[in-house]
Amino acid sequence: MTININENIDTNELNDLLETNRWRIPDTAKLEKALELSWCWLTARNEKSQLVGFVQVLSDGIRHAYILRLIVHPEYQKQGIGTKLMNTLMGILKENNILPTLVATPGNDRFYEKFGFKPEYKNMKAMCIR
């Protein structure tokens with residue numbers, strides 16, 4: 001398993017991975033633009049160089065970052081790939097003194113708590129428009 005930082009990635013290949021979680025982006029040009037706007041992304045590839053994991057970060061490059069699209073192909077889950085992606089990413093963010101934020105789907109809290117994330121209840125509230 002190899003972890004790559006900001007590697008040149010084919011949007012169709014990424015979309016195929018996203019589809020495994022029903023996150024496919026119908027317009028690949030938009031997905032390509034989203035990658036261009038990223039501060040960084042990491043990929044995980046198996047021994048055949050197939051894309052099996054991905055995580056993307058948006059950031060101001062100064063202090064704040066938003067982690068999104070952490071995904072591991074269902075056939076490769078529970079093998080530590082998501083953990084390896086997050087450990088690598090957290091190291092990069094720490095080196096750059098950038099504080100990450102994310103929105104965890106229900107049931108994934110414990111996974112993110114391993115990396116120091118905590119639910120914020122006292123002074124902040126996550127707010128969304130759906």
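**The largest pocket and its surroundings**

Guide: Let us begin with the largest pocket of this predicted model, whose lining takes at least two residues from each of strand S4 (64–72), helix H3 (81–95) and helix H4 (109–113).

Visitor: Which of them supplies the largest share of the lining?

Guide: That is S4, from which seven residues of the lining of the largest pocket come.

Visitor: And how much space lies in that pocket?

Guide: The largest pocket holds about 820 Å³ of space. Its lining is made of 27 residues, and those closest to the centre are Trp 23, Leu 70, Thr 105, Asn 108 and Tyr 112.

Visitor: What does the lining have by class?

Guide: Sorted by class, the lining of the largest pocket has 15 nonpolar residues, together with nine polar and three charged ones.

Visitor: Let's switch to H3. How far does it reach from its first C-alpha to its last?

Guide: H3, with its 15 residues, reaches 21 Å between those two atoms, which is close to the 21 Å expected at 1.5 Å a residue.

Visitor: Which residues of H3 are buried?

Guide: The buried residues of H3 are Ile 81, Gly 82, Leu 85, Met 86, Leu 89, Met 90, Ile 92 and Leu 93. They lie on the same side of H3, because the arc they cover around the axis is only 160°.

Visitor: Why do residues three or four places apart point the same way?

Guide: An α-helix has 3.6 residues a turn, so residues three or four places apart point the same way.

Visitor: OK, and what is exposed on the other side of H3?

Guide: On that other side of H3, Lys 94 and Glu 95 are exposed.

Visitor: What covers the buried residues of H3?

Guide: The cover includes strand S1 (2–5), strand S2 (40–45), strand S3 (51–59), S4, strand S5 (99–101) and H4.

Visitor: New topic: where is phi positive?

Guide: One of the places is Asn 97, which follows H3 and has a positive phi near 55°. Another is Ser 49, a residue other than glycine with phi near 65°, and Ser 49 sits in the loop between S2 and S3. Arg 69 also has a positive phi, near 55°, but Arg 69 is placed in strand S4.

Visitor: How accessible are Ser 49 and Arg 69?

Guide: Ser 49 counts as partly exposed because its relative accessibility is 47%, which lies between the cut-offs of 20% and 50%. Arg 69 is partly exposed too, with a relative accessible area of 23%.

Conventions: Residues are numbered from 1 along each chain as its sequence is written. This is a predicted model: local features need pLDDT of at least 70, side-chain atom pairs count only at pLDDT 80 or more; totals for chains, interfaces and linings use all residues. Side-chain values use heavy atoms; hydrogens and water are left out. On a 1 Å grid over the protein atoms alone, a cavity is a set of points where a 1.4 Å probe fits but cannot get out, and a pocket is an open set with protein on both sides within 12 Å along at least five of seven lines; lining residues have an atom within 4 Å of a point. Grid points are joined across faces, edges and corners, and a volume is the space filled by probe spheres set on the points. Helices (H or I, at least four residues) and strands (E, at least two) are DSSP runs, numbered from the N terminus. Ala, Val, Leu, Ile, Met, Phe, Trp, Tyr, Cys and Pro count as nonpolar, Asp, Glu, Lys and Arg as charged, and the others, Gly among them, as polar. The expected span of a helix is 1.5 Å times one less than its number of residues. Buried means under 20% relative accessible area, exposed over 50%, partly exposed in between (1.4 Å probe, protein chains only). The arc is that of the directions from the helix axis to the C-beta atoms. Contact means heavy atoms within 4.5 Å.
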